[in-house]
Amino acid sequence: VLFLGVIIVKIIYLWQIIKLARMPIVLAVIPIFLIGVLFAIRTGAEFSLLNFIWGFSILFIIEIAASFANDYFDYESDKHNKQFGFSGGSGVLLTYPEMLPFAKWASIFMFLSALCLTVIFVQIYSFPIWTIAYIGIAIFFCWFYTAPPFRFVYRGYGEIPHFLAGIMFPGWGYLILTKTISIDLLIFAIRFGF
């Protein structure tokens with residue numbers, strides 16, 4: 001009976017971790033990433049399944065880490081919010097405040113993992129070194145969207161990270177196939193930022 005109780009508790013916490021990741025938001029970035037991949041192919045780049053898997057994995061990890069970090073740093077304000085699926089947090093930490101340390105440290109671990117994977121990706125596939133800075137900028141804005149000292153969203157600057165994400169998601173899809181960012185890509189992607 002004790003063993004069964006432990007299994008049930010673990011399943012409950014696993015489900016809460018999945019909810020904390022806010023998968024609808026994570027899945028919503030996939031189409032805009034794929035648009036960048038398709039734009040690269042349309043402009044003459046050859047599709048590489050390995051580059052695609054590496055790039056997608058890095059983006060996926062960053063998005064989940066951002067959900068964890070945002071829920072962690074929004075804990076106090078979420079007490080006064082309603083959850084709407086795409087905004088207002090997941091509500092998990094309000095119900096299970098003992099998961100606060102998990103949310104914080106899992107997000108840090110995942111952001112660092114994404115950065116390490118990017119460094120390895122750059123080394124293995126001979127990408128320009130600035131590719132690491134590209135991902136570093138994404139991580140910076142994901143973390144400080146709600147984290148002190150910048151807390152962009154609380155100071156009225158939350159649109160800046162969203163604008164950049166709208167450009168960087170298709171840009172990342174393009175970059176992983178072309179090893180560059182072109183002016184054509186920027187002109188194409190800026191509409192997603194808006």
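Residues are classed as buried under 20% relative accessible area, exposed over 50% and partly exposed in between, with a 1.4 Å probe and protein chains only. The structure is a predicted model, in which local features need pLDDT of at least 70, side-chain atom pairs count only at pLDDT 80 or more, and totals for chains, interfaces and linings use all residues. Residues are numbered from 1 along each chain as its sequence is written, and side-chain values use heavy atoms, with hydrogens and water left out.

Two salt bridges are present, each defined by a side-chain nitrogen of Lys or Arg within 4 Å of a carboxyl oxygen of Asp or Glu. One joins the side chains of R22 and D71, at 3.8 Å from N to O. R22 lies in the loop between α1 (2–20) and α2, and D71 in helix α3, so the pair ties together parts that are 49 residues apart in sequence. Helices are DSSP runs (H or I, at least four residues), numbered from the N terminus. Both R22 and D71 are buried. E76 and K79 also form a salt bridge, with their closest N and O atoms 3.2 Å apart. E76 is partly exposed because its relative accessibility is 49%. K79 is likewise partly exposed, at 44%.

D71 has a further partner. Its side chain makes a polar contact with the side chain of S90, at 2.3 Å. A polar contact is a pair of N or O atoms within 3.5 Å; within protein, one must be able to donate a hydrogen and the other to accept it, and residues adjacent in sequence count only if both atoms are side-chain atoms. The S90 side chain also reaches the backbone nitrogen of V92, at 3.2 Å. S90 sits in the loop between α4 (75–78) and α5 (92–95). With 16% relative accessibility, S90 counts as buried.

The largest nonpolar core holds 58 residues, and I62, F111 and W172 have the most contacts inside it. Such a core is a set of buried Ala, Val, Leu, Ile, Met, Phe, Trp, Tyr and Cys residues joined through side-chain atoms within 4.5 Å. Helices that each supply at least two of its residues include α2 (23–42), α3 (49–73) and α6 (100–125). The most come from α3, with 12 residues. I62 touches F111, A114, I135, I139 and C142, residues up to four places away in sequence not being counted. Contact means heavy atoms within 4.5 Å.

Buried residues of α7 include I135, I139 and C142. Among the elements covering the buried residues of α7 are α3, α6 and α8.
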